[in-house]
Amino acid sequence: MLEIVDLSQHDWTEQLNEDNNAVVLDVRTEEEIGLGMIPNSIHMDIYKGQGFIDAIEQLDKAKNYYVYCKAGGRSAQACAIMNQLGFKTTYNLKGGFSEWQGEVANK
(Lines give C-alpha, C1' and ligand atoms only; values in the text may rest on other atoms or scores of the structure.)
Protein backbone atom coordinates (compact mmCIF):
# COMPACT_ATOMS: atom_id res chain seq x y z
CA MET A 1 0.00 0.00 0.00
CA LEU A 2 1.39 3.35 -1.01
CA GLU A 3 1.58 6.04 1.57
CA ILE A 4 -0.10 9.37 1.04
CA VAL A 5 2.47 12.13 1.12
CA ASP A 6 1.15 15.28 2.80
CA LEU A 7 3.21 18.33 1.91
CA SER A 8 3.11 21.82 3.36
CA GLN A 9 2.43 24.54 0.82
CA HIS A 10 6.11 25.50 0.83
CA ASP A 11 7.30 21.95 0.07
CA TRP A 12 4.44 21.29 -2.37
CA THR A 13 5.18 24.44 -4.38
CA GLU A 14 8.95 23.96 -4.29
CA GLN A 15 8.70 20.35 -5.43
CA LEU A 16 6.10 21.23 -8.08
CA ASN A 17 8.34 23.94 -9.55
CA GLU A 18 11.20 21.44 -9.94
CA ASP A 19 9.02 18.65 -11.35
CA ASN A 20 8.87 18.36 -15.15
CA ASN A 21 6.45 15.46 -14.85
CA ALA A 22 3.87 17.22 -12.68
CA VAL A 23 0.10 17.50 -12.98
CA VAL A 24 -1.89 19.67 -10.55
CA LEU A 25 -5.29 18.24 -9.73
CA ASP A 26 -8.12 20.20 -8.10
CA VAL A 27 -10.77 17.89 -6.62
CA ARG A 28 -13.14 20.59 -5.32
CA THR A 29 -16.69 21.27 -6.47
CA GLU A 30 -17.62 23.55 -9.37
CA GLU A 31 -18.85 26.12 -6.83
CA GLU A 32 -15.54 26.12 -4.94
CA ILE A 33 -13.63 26.56 -8.22
CA GLY A 34 -15.53 29.83 -8.60
CA LEU A 35 -13.34 31.22 -5.80
CA GLY A 36 -10.29 30.68 -7.98
CA MET A 37 -7.84 27.85 -8.44
CA ILE A 38 -4.13 27.14 -8.44
CA PRO A 39 -2.84 28.02 -11.94
CA ASN A 40 -2.69 25.22 -14.53
CA SER A 41 -4.67 22.76 -12.47
CA ILE A 42 -7.06 20.18 -13.89
CA HIS A 43 -10.46 20.10 -12.22
CA MET A 44 -12.05 16.75 -11.31
CA ASP A 45 -14.77 16.88 -8.64
CA ILE A 46 -14.27 14.01 -6.18
CA TYR A 47 -17.97 14.21 -5.24
CA LYS A 48 -18.86 12.88 -8.70
CA GLY A 49 -18.13 9.36 -7.39
CA GLN A 50 -17.83 6.94 -10.32
CA GLY A 51 -17.53 9.91 -12.70
CA PHE A 52 -14.45 10.97 -10.75
CA ILE A 53 -12.96 7.48 -10.94
CA ASP A 54 -13.67 7.28 -14.69
CA ALA A 55 -11.95 10.66 -15.20
CA ILE A 56 -8.95 9.63 -13.06
CA GLU A 57 -8.57 6.41 -15.09
CA GLN A 58 -7.99 8.55 -18.22
CA LEU A 59 -4.91 10.16 -16.65
CA ASP A 60 -1.32 9.13 -17.29
CA LYS A 61 -0.22 6.98 -14.34
CA ALA A 62 3.43 7.81 -15.04
CA LYS A 63 2.98 11.46 -14.07
CA ASN A 64 3.37 12.95 -10.58
CA TYR A 65 0.10 14.33 -9.21
CA TYR A 66 -0.15 17.31 -6.88
CA VAL A 67 -3.66 17.14 -5.47
CA TYR A 68 -5.61 19.75 -3.53
CA CYS A 69 -9.11 20.53 -2.29
CA LYS A 70 -10.43 23.18 0.08
CA ALA A 71 -8.78 21.97 3.30
CA GLY A 72 -6.82 18.78 2.56
CA GLY A 73 -9.34 16.04 3.42
CA ARG A 74 -10.85 15.26 0.03
CA SER A 75 -7.48 15.56 -1.67
CA ALA A 76 -6.05 12.97 0.75
CA GLN A 77 -9.00 10.76 -0.19
CA ALA A 78 -8.32 11.39 -3.90
CA CYS A 79 -4.65 10.43 -3.41
CA ALA A 80 -5.75 7.18 -1.72
CA ILE A 81 -8.12 6.37 -4.61
CA MET A 82 -5.42 7.17 -7.15
CA ASN A 83 -2.90 4.98 -5.32
CA GLN A 84 -5.42 2.09 -5.39
CA LEU A 85 -5.83 2.62 -9.14
CA GLY A 86 -2.09 2.24 -9.67
CA PHE A 87 -0.80 5.82 -9.58
CA LYS A 88 2.68 5.76 -8.04
CA THR A 89 3.18 9.39 -7.10
CA THR A 90 0.56 11.61 -5.47
CA TYR A 91 1.14 14.55 -3.16
CA ASN A 92 -1.56 16.01 -0.97
CA LEU A 93 -1.53 19.76 -0.23
CA LYS A 94 -1.90 20.17 3.54
CA GLY A 95 -4.40 22.88 4.43
CA GLY A 96 -5.71 22.95 0.86
CA PHE A 97 -6.81 25.97 -1.11
CA SER A 98 -8.18 27.73 1.96
CA GLU A 99 -4.61 28.19 3.22
CA TRP A 100 -3.06 28.74 -0.22
CA GLN A 101 -0.76 31.78 -0.31
CA GLY A 102 0.43 31.49 -3.88
CA GLU A 103 -0.88 32.66 -7.22
CA VAL A 104 -4.56 32.18 -7.97
CA ALA A 105 -6.13 31.84 -11.39
CA ASN A 106 -9.78 32.35 -12.22
CA LYS A 107 -11.59 29.62 -14.08
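This passage describes the fold, packing and selected local features of a predicted single-chain model.

The model is predicted, and local features were considered at pLDDT of at least 70, side-chain atom pairs only at pLDDT 80 or more, whereas totals for chains, interfaces and linings use all residues. Residues are numbered from 1 along each chain as its sequence is written, and side-chain values use heavy atoms, with hydrogens and water left out.

The chain comprises 4 helices and 5 strands, where helices (H or I, at least four residues) and strands (E, at least two) are DSSP runs numbered from the N terminus. In order from the N terminus, these elements follow the pattern β-α-β-α-β-α-β-α-β. The radius of gyration, computed over C-alpha atoms, is 12 Å, close to the 13 Å given by the globule rule for 107 residues, so the chain is as compact as a globular protein of that length. The globule rule is 2.2 Å times the number of residues to the power 0.38. Along the principal axes, the C-alpha atoms occupy a box of roughly 30 × 30 × 20 Å.

Buried residues make up 47% of the 107 in the chain; the term denotes under 20% relative accessible area, with exposed meaning over 50% and partly exposed in between (1.4 Å probe, protein chains only). Among contacts (heavy atoms within 4.5 Å) with a separation of 6 or more, 70% involve residues 24 or more positions apart. The chain carries 9 positive and 16 negative charges, whose mean positions lie 4 Å apart. Lys and Arg were counted as positive and Asp and Glu as negative, without His and the chain ends; each charge was placed at NZ of Lys, CZ of Arg, CG of Asp or CD of Glu.

Strand pairing was assigned where DSSP finds at least two bridges between two strands. Strand β5 (residues 89–93) runs parallel to β1 (residues 5–7), to which 3 bridges join it, with Y91 of β5 as the bridge partner of V5. Strand β5 also pairs in the parallel sense with β4 (residues 64–68) over 4 bridges. In this pairing, Y66 stands opposite Y91, and Y65 stands opposite T90. Strand β4 in turn pairs with β2 (residues 22–26), again in the parallel sense, over 5 bridges, and A22 faces N64 of β4.

Both β4 and β5 are mostly covered: 5 of the 5 residues of β4 are buried, as are 4 of the 5 residues of β5. In β4, the side chains of N64, Y66 and Y68 point one way and those of Y65 and V67 the other way, and all are buried.

Two loop positions were also examined. G86 belongs to the loop between α4 (73–84) and β5 and is partly exposed, with a relative accessible area of 27%. The C-alpha atoms of G86 and K61 are 6.9 Å apart, although the two residues are separated by 25 positions in sequence. N40 is located in the loop between α2 (30–33) and β3 (41–43). Most residues other than glycine have a negative phi. With a relative accessibility of 74%, N40 counts as exposed.
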